[in-house]
Amino acid sequence: MPGPDKETDLTERIEAFLFDLNRGGSGAGPLRGSAETARETTALLRRITAQARWSSAGDLMEIIRNEGRRMTAAQPSETTVGNMIRRVLKIIREEYARSRGSSEEADQQESLHKLLTSGGVSDENFRQPFAALKPNVIEAINELLTELEGTTDNIAMQALEHIHSNEVIMTIGRSRTVEAFLKDAARKRKFHVIVAECAPFCQGHEMATSLSKAGIETTVITDAAIFAVMSRVNKVIIGTQTVLANGGLRAVNGTHTLALAAKHHSTPLIVCAPMFKLSPQVRRLSFLSDFYRYCEILSKVNVHCPVFDYVPPELITLFISNIGGHAPSYIYRLMSELYHPEDHEL
Amino acid sequence: MADAGEPEGPERKDDIVKAKQEGKELTKEEKQRLRKEKKQQKKSKEKKDDKPSRDSEKEKKPASAASPAPQTPTQPPAQKAPSAAPAPVPVPASETPSAADKPAKSKAELKAERRARQEAERASKGKKGDVGPQAAPGKPKAPPSELQPVVKRLPEHVQVDNPEVLKKLAKKLERQQTPEYNAATKIPLRSDYGYKVSLFSHLHQYSRKAPLTQQLGIPSTVIHPAIVRLGLQYSQGIVAGSNARSVALLHAFKQVIRDYTTPPNEELSRDLVNRLKPYISFLNQCRPLSASMGNAIKYIKKEISNIPSQCKEEEAKRKLLNCIDCYINEKIVLAAKAIAKYSIEKISDGDVILVYGCSSLVNHILCEAFEKNRKFRVIVVDSRPRLEGREALRRLVQKGINCTYVLISAVSYILPEVSKVFLGAHALLANGYVMSRVGTSQIALVAKAFNVPVLVCCETYKFCERVQTDSFVSNELDDPDDLIVTRTGTTQLEHWQEVPSLGLLNLVYDVTPPDFVDLVITDLGMIPCTSVPVVLRVKNVDQ
């Protein structure tokens, strides 16, 4: 029977995905990029939409929310999973609203007046079944997937607007987005790149070898030399793990120091981040999770090895995303377009 | 001269005559200077900008004092240095009739001036530029005080991109051998290794795997074995750290002095100094000298040349050894005690102190404070590739101090817990900048952003008269292969030399601006960063 088989197949896939997420976080499995995670999450959500049993939008949203909670619990630091889930929830809401034919499309909280007059939480319960909802939702998710495929290219296309010739650009660690960005600019312009190696994982080394093979003049420096060479740097271009709702970043270890050094020398700090990294979280004091991958022999010593840094929005000059460039103060608007406020807490 | 030549009222004849005399002296001096200057123009182009303006200035002044008419056509061409040479020619031509009766006097004055200048040159730090003496003859009554222009020649180790300087160094190393040994036993010139980042092409970059001692013949008869061993220890990083290097240097010199015998017909005070020169060049080739080592060497040379000639050899040697011991005791050991005493006042119970790398002085302070029963815990920050923090960690944990260890990229994570930052210094520069291990300025920056006080501990013998504003112009490049790391069996940068556009940069030092530093604790007391030139001046007056 196709029904239960599909169900078990679906559950299997979900379990496999959760397992991968878990492994990826603990360092045992291969580290995957956020783009890949986003794509896989969206593909899995499409499959859930297609194969799970639901009758109304509300049911679907419930299912997705439950699965979403499990996924985010498997790997709390991988925020793209949660972001994709919220995007899909918003898609479902929109499709539902469109099916109902109401003008709820315009009910984004665009004006304070509407907020006041609308009078609190809308009494939608999404219980009305619509036949066309399923294919619509799946089509919308397909569009989302196409968008995800093209994010890196979209960002890289903007490279020539931001890099002129004979510049010295500094970056830290390894970001596939920044790599594509710089390689695209290198096709037409000649510039130097300084890569901070970002100990202890030293992902900067991979970045440097990859860039230098593309013919870009690259230099590897230690983390300690960031401030020392910053005076000769024209721009700092970095990637990030997450963009927070206030415009701040959760980025790889050492980014805060880099941002402070750039601020001291008034060097612009540009963050290349696709929209799927935008997360409605704000900084919580406990989220600098310590991954102890580094053991000292002496038992009387505490060792800290944080993986991420928080960078406040005032140190950032520009965000370059697949839909263009934005100032950090605009991020909250973008967020309100991508996610519905009720979905912020899954 | 400028002052004398300036009075636009050449009303008094004496003034005119005086000015003409001084103008004539100046021009003769200037001719010599200009000849030398032309030779130097090929090497240092920056002096070209200074000199023509100064030449033209000085040309204008005697010209204005003397008859203005014949001089005005020469003034515009005098803007360029090459034409400044023909410019003095018409001046003495017009003035010889008036000054013809006083050539002997002016020559004697010239000679006296020259001798005075040479004494001044010897007294100043041993390096002199042309600009200095050029200003001096222009002011025969200029005060010979601390305001003497101290424009030093650029040291060789920051002119690696200049092939002429390298040739000169090679010749100097050849010359620095005592005459009785043949030319084969000269001090070898160490060659650079690997691709140098273009911003640093003016500095040396050596490989640790090719120490200088491999190029020395056996037996090395030019260099004392203690010095050879010291050079090897420096270049391999076995002896590292500003204080350790200075102390090791002084001990090696003590050994040299013990083994020294004055050759016949030579004076100890002069010969010993000449003996030390090749050793110093050799050590410089092994690893560039630090500021503390430079000051120690200056002290020794001064002590040696102050030995009276009638002093017997045994007594002289004993005296020198005593001097060296006193220096070590005073400047390093007792200074550390004094600094520890001051610092302990700054450490209160419940403090969380952040230290960076391994500074012998800071470790000493923390151990002393712990013995005086202060309750605090320490966070040791470390950085690749040297990982010196592990040594500091070992020493502190052995004492029983509660320690935490992080890498420098985690500094902004850990800093909210920190109450004070203690940093060591390699040297303190005359403009208030702190030269220290690379990464120090970064820690000071982040500490400032979190409003945590930064205290630098430094002995006064490390104060240095250089000025520097960034970490590029004068630095040390360590072996770039140190950056290669193997993680989980894979090395990314193993074949970095084969990739043409890839460079590795391993800096050793950086400079911290004085606005990041809140206090400097020295053996003379607790001073702000900007008081360093005051201390230097006081020290110079004392000596």
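This is a predicted model: local features need pLDDT of at least 70, side-chain atom pairs count only at pLDDT 80 or more; totals for chains, interfaces and linings use all residues.
Chain B has 543 residues, of which 50% are buried, and its secondary structure comprises 19 helices and 13 strands. When contacts in chain B between residues at least 6 apart in sequence are considered, 77% of them join residues at least 24 apart. The chain exposes about 25900 Å², and carbon and sulfur atoms supply 53% of that area.

The two chains meet through 47 residues from chain A and 48 residues from chain B. Between them about 4100 Å² is buried, with 64% of this area given by carbon and sulfur atoms. On the side of chain A, the three residues A:Ala224, A:Phe227 and A:His304 supply 14% of the area buried against chain B, more than any other three residues. Across this interface there are 19 residue pairs in polar contact and two salt bridges; one of these salt bridges joins the side chains of B:Asp470 and A:Arg232, at 2.6 Å from N to O. Several elements of chain A each supply at least two residues of the side that touches chain B, among them α9 (203–213), β3 (217–221) and α11 (255–264).

A search over all chains finds zero disulfides.

| Cysteine | Closest cysteine sulfur | Relative accessible area |
|---|---|---|
| A:Cys305 | A:Cys198, 9.7 Å | 6% |
| B:Cys457 | B:Cys458, 8.8 Å | 1% |

Methods: Residues are numbered from 1 along each chain as its sequence is written. Chains are lettered from A and ligands numbered from 1 in the order in which they are written. Side-chain values use heavy atoms; hydrogens and water are left out. Helices (H or I, at least four residues) and strands (E, at least two) are DSSP runs, numbered from the N terminus. Buried means under 20% relative accessible area, exposed over 50%, partly exposed in between (1.4 Å probe, protein chains only). Contact means heavy atoms within 4.5 Å. Accessible areas come from the Shrake-Rupley method with a 1.4 Å probe; for residues, only the protein chains shown count as cover. A disulfide is a pair of cysteine sulfur atoms within 2.5 Å. Buried area is the accessible area (1.4 Å probe) that two parts lose on being put together, summed over both. A salt bridge is a side-chain nitrogen of Lys or Arg within 4 Å of a carboxyl oxygen of Asp or Glu. A polar contact is a pair of N or O atoms within 3.5 Å; within protein, one must be able to donate a hydrogen and the other to accept it, and residues adjacent in sequence count only if both atoms are side-chain atoms.
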